[in-house]
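Reader: I have a model open and want to go through it. Can you take my questions as they come?

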Amino acid sequence: MSHPTLMPIRLTLAAICATALLHGAPALAQQAAEVPLSYSNGAFQPSEVRAPADKPVVFRVKNLDAKAMEFESKSLRVEKVVAAKSEGVINVRPLKPGRYEFYDDFNEKARGALIVQ
Amino acid sequence: MLAALIIVFREVFEAGLIIGIVLAVTGSVAHRFRWIGGGVLAGVVAACLVAAFAGALSQLFEGMGQELFNAAILGVAVVMLTWHNVWMARHGREIAVEMRAIGQAVAEGSKPLLALAVVVGVAVLREGSEVALFLYGVAASDGGSALSLIIGGCLGLLLGAAVCLVTYLGLLRIPPRALFATTTVLITLLAAGMAAQAVAFLERANWLTSLDTVVWDSGWLLSEASIPGRALHTLIGYTDQPTQMQLLVYLAVIAITGWLMRLTAQVHGGHAVAPG
C-alpha cells in the first residue's frame with residue numbers, strides 16, 4: 001500500500017472531503033424554515049403546509065400513532081422512518097416555488113403537500 | 001395483505017439481489033454457506049435491534065441518527081467490497097490458472113468471505129430494520145387484520161428469496177472465466193452505488209452540503225421507485241436525481257478500485273513465486 005503513485009489520489013480525496021466539510025459548516029447556520037407536522041390515526045395534521053422559497057426546510061414530524069410510519073416524498077427527495085410515538089426531523093434543501101407531495105410509505109392513503117411560494 | 005406483501009417485498013428485494021451476487025461470487029469456495037448464512041442471521045438480529053431502538057437512534061445527532069447510521073454502515077460495506085475486489089485481483093491469477101484446484105486460495109478464502117459476510121449482513125440489516133418496524137406496527141395494532149398482513153409479509157419475504165435465487169442461478173450461467181470479470185464489475189458498481197447512497201444520507205443529515213446541486217432528473221424515463229429502477233439502484237447505484245457530490249464519489253470509488261486492483265496485481269506479479 002505504500003506505493004508512491006497512490007499518494008496523490010489519497011491526498012486529493014482527503015482535500016475533497018475536507019473542503020466538503022468546511023463548506024458544509026456555514027450552510028448549517030443558514031436559517032431554515034421549520035414545518036411542524038403531526039401524524040395520528042393514519043393521517044397528516046395538517047395535510048397542507050407552507051414554506052418560503054429558496055430557504056432550507058426542516059420538517060418535524062411527530063408520529064402519535066402506535067405504529068412506525070415512513071415519511072416519504074419523491075419530489076422532495078426524502079425518505080425517513082419515524083418510529084411509533086416519536087418525532088422525526090427531515091432536512092430539505094432550498095426549494096423552488098411549487099407543490100411538493102409527501103406521504104406515508106407504510107400507508108399510502110396518508111398524503112399531504114408542501115406549498116412553497 | 002397485498003399492501004404488506006408489496007412493502008416487505010420492496011425491502012427484501014435489494015437484499016435478495018446482493019445475496020444472490022455474493023453467492024455467485026463465492027461459487028467455488030468451501031464453507032461459503034456458513035459465512036453467508038452467518039451474515040444473514042447477524043443482519044436479521046441487528047435489524048430487529050435497530051427496529052427496537054429506532055426511536056432512540058433517530059434522536060441521536062440532533063435527529064439525524066438514522067441518516068448517519070445508514071451512511072456509516074454503507075461506508076463499511078463499500079470498504080469490504082473494495083477489499084474483496086483487491087484481494088481477488090491479487091489471487092485471481094492463481095484462481096484463473098487452476099480453476100478447479102484452488103486449494104491455497106480456499107485456505108485463505110476466509111478473509112474475503114468475512115468481508116462478503118459483512119456486506120450481506122449490512123444489506124439485510126438495512127432492508128430488514130424497516131420490515132421489522134412495519135411488521136411490528138402491524139402486530140402491535142388490531143389482531144383481526146394482523147394475520148393476513150403477516151401472511152402477506154411472509155409471501156413478500158419468499159418472493160425476495162426467489163429474487164436471490166434467480167440472481168444466483170442467472171450468474172451461474174456465465175462461464176467461470178467470464179464470471180470472475182463479471183462479478184468484479186458487479187461488485188465495483190455495487191460499492192460505487194453504496195458510496196453514492198451514503199453521500200445521499202450525509203446530504204440529508206446536512207453533514208455534506210457542498211456540490212449538492214441535482215445534475216439531472218431522469219425520473220420521467222426510469223423512476224427510482226419502480227421495480228426496474230430499484231434493481232438498477234441496488235446493482236449500479238442508479239438514482240434519478242443524483243447530486244454532483246454523488247456522481248463525484250461514485251466515479252472516485254470506481255477509479256480507486258481500479259487503481260488498487262492494478263497496483264496489487266502488479267506488486268504480486270513482481271514476486272510471482274512468493275505466496276499471497
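**Notes on chain B**

Author: Leu159(B) counts as partly exposed because it has 18 C-beta neighbours inside 10 Å. A residue is buried if 20 or more other C-beta atoms lie within 10 Å of its own, exposed if 12 or fewer, and partly exposed in between, with C-beta atoms placed from the backbone. This is a predicted model, in which local features need pLDDT of at least 70, side-chain atom pairs count only at pLDDT 80 or more, and totals for chains, interfaces and linings use all residues. Residues are numbered from 1 along each chain as its sequence is written, and chains are lettered from A and ligands numbered from 1 in the order in which they are written.

Reader: Which helix is Leu159(B) found in?

Author: Leu159(B) belongs to helix α7 (residues 146-172) of chain B. Helices are DSSP runs of H or I with at least four residues, strands are runs of E with at least two, and both are numbered from the N terminus. The C-alpha atom of Leu159(B) is 9.8 Å from that of Ile6(B), 153 residues apart along the chain.

Reader: How many helices and strands in chain B?

Author: Chain B has ten helices and zero strands. Of its 276 residues, 46% count as buried.

Reader: Take α2(B). Which residues are buried there?

Author: Arg32(B), Trp35(B), Ile36(B), Gly39(B), Gly43(B), Ala47(B), Val50(B) and Ala51(B). They lie on the same side of α2(B), because they cover an arc of only 130° around the axis; the arc is that of the directions from the helix axis to the C-beta atoms.

Reader: And what is on the face turned away?

Author: That face of α2(B) carries the exposed residues Phe33(B), Arg34(B) and Gly37(B).

Reader: Different topic. Which residues touch the most other members of the largest nonpolar core?

Author: Val22(B), Val119(B), Val120(B) and Ala195(B), out of 101 residues in that core. The largest share, 17 residues, comes from helix α6 (residues 110-140) of chain B. A nonpolar core is a set of buried Ala, Val, Leu, Ile, Met, Phe, Trp, Tyr and Cys residues joined through C-beta atoms within 7 Å.

Reader: What does Ala195(B) touch?

Author: Not counting residues up to four places away in sequence, Ala195(B) touches Val78(B), Val249(B), Tyr250(B) and Val253(B). Contact here means C-beta atoms, placed from the backbone, within 7 Å.

Reader: Last one: where do α1(B) and α8(B) meet?

Author: Ile21(B), Ala24(B) and Val25(B) in α1(B) meet Leu179(B), Thr183(B), Leu186(B), Ile187(B) and Leu190(B) in α8(B).

Notes:
Two residues are in contact if their C-beta atoms, placed from the backbone, lie within 7 Å.
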